[in-house]
Amino acid sequence: MRKRVVPMLFMLLLLIGLGACNNNGKTDVDVIKEEVILAVGMTKEITLPDHDEVDVGNKYVLTIDDEGLITTLLTGKTTINIFKNKVLVKEVTVTVMEKVREVELFGPEEFYLTDEVSYNFKIKPLNGFNKFKYVIENEAIMTIDEEGLVTPRKAGKTTIKIVSLQDNDIFDEIVVSVKSVALISQEEELTIGKWNFTKTKDIYGSIEDYLSDDKEFDKAIIHNIDINNEVVIDKNIILEGINSSFNNEVNLASEEITLQNLIFTGDAIITATNALKTLSFLDNQIENINGDFLVLDNYQNLNIINNTFNDISKTAIKLANINSSSKTLIEKNEIDGADIAISMIAEERMKINSFIKIYRNQIKAVQTGFKIDLGGENLITNALLYARFNEVSDYQLAIDSVDNNSFEFTFNYWDTLDLDFDKFINIDEKYLLGHYQNKEDILSEEKYRPENPIIVYLEEIIDEIYLGDTFQLEPVVLPYTADLSNIAITISNSNILNVTRTWLLEPVKSGMVELTLAALNIKETANKYPIKVTTDPGIHFEFDNPTRDLTVGSEINITAKPFPFDIADAEVSFISSNTEIATVNENGKIIINGVGPFSITVSISDPVVVSEQLDFVSYDNFDENNILDFITQKQLIYTKVFDIYLHGAGIQKSTHNENVSRLLFHNYLITEDIIPVAAGFRPGIKFSSEIPNEYKYNDDNVVWIVVHDTGNNNAGSGAELHARYLHNQINEGGREASW
């Protein structure tokens, strides 16, 4: 047995040796792999193992020196392979990104100790180097992890900064306030969010204990407590509930109060003293109330948002003696079952910048939806007073208004398309326009902008306008509080009818057009109005020879075009007043047979009777050496009208008649009296001699001359006389001039 031990041991060692070699006879080595992400222009030193060769896949992307320092050059991705004895020992994959130019930090500027908060950031360009770090100025107040999740430590103020690992100068920051929170609870210790409350630090056993303590907190949370006694809140407070309720009166006797996520039942009622300035009533649940519930008097600012009111025996929201400068927002509440859903009384005229806005509430199973008494003072007001996008159903009275006022109820759902106006007391029908047939049709929050109209229409429009007349459009926008400038008025053909910036219609020529009136952002509600531009019937003429150069044997072709547009195809007849001088055929071709004056009468008889007379004079001949004959030949009998359009920053149109003579006078006597360049006046400044040769027209390097037409129709006011006047003013009176 001992003789077989050595061969078996040899075989085992041989197998181990063979297994340590690859198919090429090379030894296998565990390759170290590393990934690096950098920006263009960055450097990073990597660890180089024992090696004798370093290979960079793409040398345009980066370089690496003998110490392992990577310097990036261009964006891209490449691999650095490090070898020892031609065996790969390390592989570094490097991604080089665009330089980041800018970073923006997103997150709250303030939050409470119990809030779960995170921050994020955005870079430019989006494909830039996205390696950043968060830095907290005072970590005794809060800390933050790599994902941007915050852990509060205590109340206070600090700065959170996001800094690029590419460059410390690329950063953004937010100054953050961490707000303190007290807990009203029977617990000895409780954790909410990431904050731990304790009895000895920030837990109170009752709301009375909290209100009587001089210690100030930014917010108080009531936890698992039902309060059945009357409560007077006499300190500014944000009071938030967790499974807690009030079953009795809550009197608000401080300036700034927020009540949130609380339950109110039974005998609960909220009242306020004159001390109250601002109340935010948010996300609360109110049910089975035995009388009025939210009863406020003479407040200044009020936000009632996202609450549910169920089974209120009297009035759910009762606002009396509304301050003339107050700002009231009632939004996204559900009121199911009440005598009156919302009651509002104002005894004074509401001031500019004040408002009552009632948005997107659901009101049903009520005796009266809205009861309004604005004291007869708000028929005309600059305040914003409206209820919009509300759903109101199952009511006896939708609106009961004591007085006539300008409170607007456009764009609501009233559970019917055909309104019963007996259920809308003292409301002008114009303030009910735009009501929805289906509540699903209510305009979404995403599409709504208060300044933009939803519907725009014309109370008065014409279907026909005569040339020479104008018509002033007066658009009406809904809602009435929208900005009238956010509408679009277009004409299908501005060559027929033009509309000015002040919405004045100006006819240009006869024809049919379509006027489109729409809100800028809601084109589907556009209204279209056909308009006919017309005028008294007549005939336009075109001549192939409009001059007085008419002699025996001459021919003229007249094209007759009846107008307005709707008689353009009418049949036209031509009659000569003297066929011995000129004849004309049915197509308007005139042949001159003799000498003297004659006329051509052009007429249409159907569908209207129109007749035009064209006067001519024919001559036996013209003497080419006679200047008067030459001028006569170049004079026009009839001239054309041209529309000239100038295109630049805008389009400017001008209308001009053709000149009455086709003559150009030139090479006539020019009187020169050039004023030399001198101080005090500017007849012109010589240009630099360093101009291209192709522009050197003269020794003074003048490239162009602007000629001013200084003459007019007054006696003695020709161009030469005006020039002499200016010359004398300069030489004799010392007048400074530029001409």
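Two strands pair here if DSSP finds at least two bridges between them, and strands (E, at least two residues) are DSSP runs numbered from the N terminus. The model is predicted, so local features need pLDDT of at least 70 and side-chain atom pairs count only at pLDDT 80 or more, whereas totals for chains, interfaces and linings use all residues. Residues are numbered from 1 along each chain as its sequence is written, and side-chain values use heavy atoms, with hydrogens and water left out.

**View 1**
Of its 29 lining residues, K509, H540, E542, V641 and D643 come closest to the centre. On a 1 Å grid over the protein atoms alone, a pocket is an open set of points with protein on both sides within 12 Å along at least five of seven lines, a cavity is a set where a 1.4 Å probe fits but cannot get out, and lining residues have an atom within 4 Å of a point. Points are joined across faces, edges and corners, and the volume is the space filled by probe spheres set on them. The pocket lies between domain 4 (455–534) and domain 5 (538–634) because both give residues to its lining; those bounds come from an automatic or database domain assignment.

**View 1. What the second largest pocket is lined with.**
At least two lining residues come from each of β50 (538–543), β51 (555–563), β57 (641–647) and β58 (651–657). β50 takes the largest share, with five residues. By class, the lining splits into 16 nonpolar, six polar and seven charged residues. Here Ala, Val, Leu, Ile, Met, Phe, Trp, Tyr, Cys and Pro are nonpolar, Asp, Glu, Lys and Arg are charged, and the others, Gly among them, are polar.

**View 2. The open sheet that contains β50.**
Four strands line up as β50-β51-β54-β53, with antiparallel pairing. β50 and β53 (582–584) sit at the edges, each pairing on one side only. On average, neighbouring strands of this sheet are turned by 25° against each other, direction ignored; the axes are lines fitted to C-alpha atoms, and in general angles run from 0 to 180 degrees between N-to-C directions. Zoom in on β50 and β51 and you find six bridges in the antiparallel sense, with E542 standing opposite T559 of β51.

**View 3. Strand β55 and its two partners.**
β55 (residues 596–604) is largely enclosed by the rest of the structure, because seven of its nine residues are buried. Buried means under 20% relative accessible area, exposed means over 50%, and partly exposed is in between (1.4 Å probe, protein chains only). Four antiparallel bridges link β55 to β52 (residues 573–576), and S573 faces S603 of β55.

**View 4. Parallel pairing along β22, β25 and β28.**
β22 (residues 231–233) runs parallel to β25 (residues 249–252), joined by three bridges, and V231 stands opposite V250. β25 in turn pairs with β28 (residues 269–272) in the parallel sense over four bridges; here L252 stands opposite A272. Over in β21 (residues 226–227) you'll find I227, buried at 6% relative accessible area. The C-alpha atoms of I227 and S244 are 7.8 Å apart, though 17 residues separate the two along the chain.

**View 5. The cavity.**
The structure holds one cavity of 30 Å³ or more, and about 40 Å³ of space lies in the largest cavity. Its lining is L443, K447, Y448, R449, N452, P453, I454, N521 and I522, which sorts into five nonpolar, two polar and two charged residues.

The peptide bond from L478 to P479 is cis, with omega near -5°; P479 sits in the loop between β44 (475–478) and β45 (487–491). Another cis bond joins F563 and P564, with omega about 10°, and P564 lies in the β51 to β52 loop. D283 has a positive phi near 60° without being glycine; D283 belongs to the loop between β29 (278–282) and β30 (285–289) and is partly exposed at 29%. N306, again not glycine, has phi near 60°, lies between β32 (301–305) and β33 (308–320), and is partly exposed with a relative accessible area of 41%.
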